[in-house]
Amino acid sequence: GSNGCSHVIDFYRDACAEHDIHYRLGGTLFGIQLHRWEADRIFRSRIADLSPFGVLSPLSWIRWLGVRLFGKSSWRGK
């Protein structure tokens, strides 16, 4: 199960849940393997897609930086 957006407000909860799945499976629900940096890029992209600021969304970049700096211990992929 996903814990949502860990340690931050649950803005863009669906993007956080998808990211949790990628981290737990090392890929997608469809069996596509991902590297950690790909999972994090998809996470940033999903938040940007949902944000009115698009690719310039500060929140997408802040959360991306957070998972890049502090997410390694949660990664279950290869």
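## Contacts of G77

Contact here means heavy atoms within 4.5 Å. In this predicted model, and leaving aside neighbours within four places in sequence, G77 is in contact with Y23 and G26. The place of G77 is in the segment after α3, and at 23% relative accessibility the residue counts as partly exposed. G77 also lies 7.3 Å from R36, C-alpha to C-alpha, although the two residues are 41 apart in sequence.

## Overall architecture

The chain has three helices and zero strands, and from the N terminus on its elements run α-α-α. Of its 78 residues, 35% count as buried. Among contacts between residues at least 6 apart in sequence, 46% join residues at least 24 apart.

## Packing of α1 against α2

Helix α1 covers residues 13-25, and helix α2 covers residues 36-50. These two helices pack at an angle of about 170 degrees, with their axes 9 Å apart. Because angles over 145 degrees count as roughly antiparallel, α1 and α2 are therefore described as roughly antiparallel to each other.

On the α1 side, the residues that take part are A15, C16, E18, H19, H22 and Y23, and they meet R36, A39, D40, I42, F43, R46 and I47 in α2. Divided by class, the contact of α1 with α2 has seven nonpolar, two polar and four charged residues.

## Packing of α2 against α3

Helix α3 covers residues 58-70, and it packs with α2 at an angle of about 160 degrees, with the two axes 8 Å apart. The helices α2 and α3 are therefore also roughly antiparallel to each other, and their crossing is right-handed.

The contact is made by R36, W37, D40, R41, F43, R44, I47 and A48 of α2, together with L59, S60, W61, R63, W64, V67 and R68 of α3. The residues of this contact divide into eight nonpolar, one polar and six charged. R36, D40, F43 and I47 of α2 are named in the contact with α3, and these four residues are likewise named in the contact with α1.

## The nonpolar core

The largest nonpolar core has 11 residues, namely C5, A15, C16, Y23, L34, A39, I42, F43, I47, V67 and W75. The elements that give two or more residues to this core are α1 and α2, and α2 gives the most, with four residues.

One of the core residues, I47, touches Y12, A15, S57, L59, S60 and R63, not counting residues up to four places away in sequence. A15 is itself a member of the core and belongs to the α1 side of the contact with α2, while L59, S60 and R63 belong to the α3 side of the contact of α2 with α3. Y23, with which G77 is in contact, is also listed among the core residues.

## R44, a buried charged residue

R44 is found in helix α2 and has a relative accessible area of 14%. Because buried means under 20% relative accessible area, R44 counts as buried. Arg is classed as charged, and R44 is one of the α2 residues that make the contact with α3.

Not counting residues up to four places away in sequence, R44 touches V55, S60, W61 and W64. Of these, S60, W61 and W64 are among the α3 residues of the helix contact. The C-alpha atoms of R44 and V67 are separated by 9.8 Å, and the two residues are 23 apart along the chain; V67 is also one of the residues of the largest nonpolar core.

Technical notes. Residues numbered from 1 in each chain as written. Predicted model: local features only at pLDDT ≥ 70, side-chain atom pairs only at ≥ 80, totals over all residues. Heavy atoms only, no water. Axes fitted to C-alpha atoms, helices over the stretch in contact; angles between N-to-C directions. Parallel < 35°, antiparallel > 145°, perpendicular 65-115°, else oblique. Left-handed = near helix turned anticlockwise from the far one by under 90°. Core = buried A, V, L, I, M, F, W, Y, C linked by side-chain atoms within 4.5 Å. Buried < 20%, exposed > 50% of the residue type's maximum accessible area, 1.4 Å probe, protein only.
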